[in-house]
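Student: I would like to work through this model by question and answer. May we begin with the terms and then turn to the particulars?

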Amino acid sequence: LGLVTFLILGVLGMALFRGAFRECTVPNAGGDAASCAALGGEFVNAPLHFDNIGQAVVAVFVISTGDNWQDIMYRGLDATGEDREPATDFRKSYAAFFVLAVVVAFLFWANLFVSSLVDNFSTVASQIGGEDGGGEAAFAGAGYAYSESQRRWLLALKAGWRAAAEEWRDENPLAMPAYRRWVFWLRTKKFWEPF
């Protein structure tokens with residue numbers, strides 16, 4: 001998913017900035033590659049550019065890490081066209097591409113981080129919970145060194161969770177107000193079991 005995202009943003013960057021990150025090594029205001037060569041300069045490319053898909057994906061990756069992404073954005077804002085000398089803030093609307101790339105890429109990295117966190121939490125929780133549902137055997141192989149008092153506390157906590165999970169069934173619905181009776185009735189339906 002991340003590679004696809006980077007490819008899509010790279011192709012979009014190529015459509016907007018192909019050949020536009022080059023500039024002359026000698027002063028050549030408003031010129032192009034031919035006028036740069038006539039002045040004895042060389043038209044060189046920026047280290048990060050969008051001239052091919054490989055470099056475009058690398059540029060999008062650097063943008064996604066947040067490592068001086070604004071430098072690439074400012075170069076994009078100055079882009080005047082393919083093989084043309086850059087002009088300061090020539091197209092400010094191109095900032096939308098870079099903001100989109102930052103938001104999408106940061107969401108990708110955040111999603112990657114959260115999914116890794118949830119996966120590790122699920123692994124640890126299943127090891128602590130064990131297949132048999134509790135007892136001292138539930139802590140075997142958990143990979144953690146719990147003290148005896150920590151084990152007793154965890155077992156008491158699990159017992160409390162089990163007791164609290166069924167406590168609502170002991171309520172007398174006739175002693176409740178009408179709105180609570182309706183919520184109680186709704187809660188007792190089998191529809192909620194998978195949740």
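Tutor: A residue is called buried under 20% relative accessible area, exposed over 50%, and partly exposed in between.

Student: Does Arg-22 count as buried, partly exposed or exposed?

Tutor: The relative accessibility of Arg-22 is 23%. Buried requires a value under 20%, and exposed one over 50%. Arg-22 therefore counts as partly exposed.

Student: With which residue does Arg-22 form a salt bridge, the closest N and O atoms being 2.9 Å apart?

Tutor: Side chains of opposite charge can pair when their charged atoms come close. The pair in question links distant parts of the chain, 29 residues apart, with Arg-22 in the loop between helix 1 (2-17) and strand 1 (23-24) and its partner in the loop between strand 2 (43-44) and helix 3 (53-65). At 2.9 Å between the closest N and O atoms, the partner of Arg-22 is Asp-51.

Student: Which residue is linked with Arg-22 and Asp-51 in a network of salt bridges?

Tutor: A search of the whole structure finds four salt bridges. Arg-22 and Asp-51 belong to a network of such bridges, and the residue linked with them is Asp-83.

Student: How many residues apart are Arg-75 and Glu-23?

Tutor: The side chains of Arg-75 and Glu-23 meet in a salt bridge, at 3.0 Å from N to O. Arg-75 belongs to helix 4 (residues 69-77) and Glu-23 to strand 1, so that the pair links distant parts of the chain. Arg-75 is partly exposed at 28%, and Glu-23 is partly exposed at 29%.

Student: By about how much of a helix are Arg-151 and Glu-148 separated?

Tutor: The side chains of these two residues meet in a salt bridge, 3.9 Å from N to O. Arg-151 is partly exposed, at 22% relative accessibility, and Glu-148 is partly exposed at 43%. Because the two are three residues apart in helix 6 (residues 148-167), their separation is about one helical turn.

Student: Which residues are in contact with Phe-98, leaving aside its neighbours within four places in sequence?

Tutor: Phe-98 is among the core residues that touch the most other members. Leaving aside the neighbours within four places in sequence, the residues in contact with Phe-98 are Phe-17, Ile-63, Trp-69, Ile-72, Met-73 and Gly-76.

Student: How far apart in space are Gly-2 and Ala-105, C-alpha to C-alpha?

Tutor: Gly-2 is found in helix 1 and is buried, with a relative accessible area of 9%. In sequence, Gly-2 and Ala-105 are 103 residues apart. In space, C-alpha to C-alpha, the separation is 8.1 Å.

Student: About how much accessible area does the nonpolar patch on the surface have?

Tutor: The patch is formed by Trp-182, Val-183, Trp-185, Leu-186, Phe-191 and Trp-192. One of these, Trp-185, lies in helix 7 (residues 178-187) and is partly exposed at 45%. Together the patch residues have an accessible area of about 650 Å².

Student: Over which residues does pLDDT stay under 50?

Tutor: The protein averages a pLDDT of 82, and 88% of the residues score at least 70. Where pLDDT is low, the predicted coordinates should not be read in detail. The model has 24 contacts beyond four places in sequence for the stretch concerned, and that stretch is residues 131-142.

Student: What pattern does the protein follow when read along the sequence?

Tutor: The secondary structure comes to seven helices and two strands. Of the 195 residues, 29% count as buried. Read along the sequence, the pattern is α-β-α-β-α-α-α-α-α.

Conventions. Residues numbered from 1 in each chain as written. Predicted model: local features only at pLDDT ≥ 70, side-chain atom pairs only at ≥ 80, totals over all residues. Heavy atoms only, no water. Patch = residues over 30% accessible without salt bridge, like charges linked within 9 Å, V, L, I, M, F, W, Y side chains within 5 Å. Areas by Shrake-Rupley, 256 points an atom, 1.4 Å probe, with all protein chains shown as cover. Helix = DSSP H or I, 4+ residues; strand = E, 2+ residues; numbered from the N terminus. Buried < 20%, exposed > 50% of the residue type's maximum accessible area, 1.4 Å probe, protein only. pLDDT = per-residue confidence, 0-100. Contact = heavy atoms within 4.5 Å. Core = buried A, V, L, I, M, F, W, Y, C linked by side-chain atoms within 4.5 Å.
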